[in-house]
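Here are my notes on the model, point by point. Please read them with the structure open.

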Amino acid sequence: MTEAPFTEQELAVVRRAYAKQMMLVSGTADDSRLEQAFAAVPRERFLGAPPWQIFRPSRGYETVASHDPAAVYQDVLFALASQRGVNNGSPSLHARCLQALSLREGEQVAHIGAGTGYYTALIAHLVGERGHVFAVEFDPALAELARANLADRPNVTVIAGDGAEWPREAVDAVYVNFAIERPAEAWIDQLRPGGRLLFPLGVPWPKPSPWGGTHAAHGAGLCVTRQAAGLSVRWLGPAYFVCAEGRQSQPGPEREALRAAFERGGVEFVRSLVWRESAAPERCWFTGSGWALSYDAVSG
């Protein structure tokens, strides 16, 4: 006999438990606003109709046997576009990242690589009615799904386009959800004083994954804050995302130098990002064209 699916009331309890678990797993248990956001937003709404597919790093994609929405409330990756390795990522990883962004009510945020909008919805919940989220997605089909999924949120604008070209106005935070080899100019140039940029720095595997898409072989989550004296950096831990599409997917001359820096180690000690400077500081972990990641901290 087929088991009856969870009712809406039961799902609300499941979401509350899921939110509590994600806070504990991610080390963000003291963030009640973030927990409320995870409990409020229905994840199944952003995954499409079942059957859903879970991605397991050791085995690839597997179909979920259950069609009950309760099945999606676990710390796993669900496929959005499996042929390109695009997933709705790990909730605990995003919880850690969103806490690092320290989003406040009324803030303006650019979400770059929004997929179908699940984490956009969490951001929209955190910034509230007085805030606004510009959700940018390169894949037109995913952007259209995000637009439909977020249609009831007037504080969200969904944009189908290249994330390297956004935001086009000043924002308080930029949240990037794909691996890149260097930040786009707009992400830094449009940050207000005190603004935060969070992105996964990474270099790709030489070949695409057998399960679709190209993912980072080395990856680090970095949170950049615009201070009075420069751009401070905090390392958040390893972060392995699918690699950028569009303009930022083109390999640059710095790729091998960045790969070598990852292989040497020490990214966790980076404390500042030097931007648009002709000469980089001496104590650099990595030096690129017009930018660098330095071990030296900047003052507030």
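**Notes on the fold and its packing**

1. Start with two neighbouring tyrosines. Tyr118 and Tyr119 are both buried. Their ring centres lie 4.8 Å apart and the planes meet at 65°, so the pair is edge-to-face. Bear in mind that this is a predicted model.

2. Asn88 touches both of these tyrosines. Asn88 sits in strand 4 (residues 86–88). Buried or exposed? Asn88 counts as buried, because its relative accessibility is 4%. The side chain of Asn88 makes a polar contact of 2.8 Å with that of Arg43. Other residues touching Asn88 include Leu47, Val76, Leu77, Phe78 and Leu80.

3. Strand 10 (residues 216–227) pairs with strand 11 (residues 230–238) over eight bridges, in the antiparallel sense. Gly221 stands opposite Gly237 of strand 11.

4. Which helices pack on the sheet?

5. The largest nonpolar core has 54 residues, and Phe38 and Leu103 touch the most other members. Helix 1 (8–26), helix 2 (32–40), helix 3 and helix 4 are among the elements that each supply at least two residues. Helix 4 gives the largest share, eight residues.

6. What does Phe38 touch beyond its sequence neighbours? Its contacts are Arg15, Tyr18, Ala19, Met23, Pro91, Ala95, Tyr118 and Leu122. A second core is separate and holds 37 residues, including Ala110, Ala164, Trp187 and Ala220.

7. Turn to strand 14 (residues 291–294). Side chains in a regular strand alternate between the two faces of the sheet. Here Trp291 and Leu293 point one way, Ala292 and Ser294 the other, and all are buried. Strand 14 pairs with strand 12 (residues 272–275) in the antiparallel sense, over four bridges. Leu273 has Leu293 as its bridge partner.

8. Strand 14 also pairs with strand 13, again antiparallel, over three bridges. Thr287 stands opposite Ala292. Three residues separate the strands in this hairpin, and Gly290 takes a positive phi near 80°.

9. Last, the aromatics. The whole structure has 10 aromatic pairs. Phe55 and Trp211 form an edge-to-face pair, 5.9 Å centre to centre with 70° between the planes. Phe55 is in strand 1 (residues 53–56) and Trp211 in the loop between strand 9 and strand 10, so the pair ties together parts 156 residues apart in sequence. Phe55 counts as buried at 16% relative accessibility, whereas Trp211, at 32%, is partly exposed. Elsewhere, ring pairs link Phe262, Trp285, Phe286 and Trp291 into a cluster.

Terms used: Residues are numbered from 1 along each chain as its sequence is written. Side-chain values use heavy atoms; hydrogens and water are left out. Two strands pair if DSSP finds at least two bridges between them. Buried means under 20% relative accessible area, exposed over 50%, partly exposed in between (1.4 Å probe, protein chains only). A polar contact is a pair of N or O atoms within 3.5 Å; within protein, one must be able to donate a hydrogen and the other to accept it, and residues adjacent in sequence count only if both atoms are side-chain atoms. Contact means heavy atoms within 4.5 Å. A nonpolar core is a set of buried Ala, Val, Leu, Ile, Met, Phe, Trp, Tyr and Cys residues joined through side-chain atoms within 4.5 Å. Rings of Phe, Tyr and Trp (its six-membered ring) pair if their centres lie within 6.5 Å; planes under 30 degrees apart count as stacked, over 60 as edge-to-face and the rest as tilted. Lists of a residue's contacts leave out its neighbours within four places in sequence.
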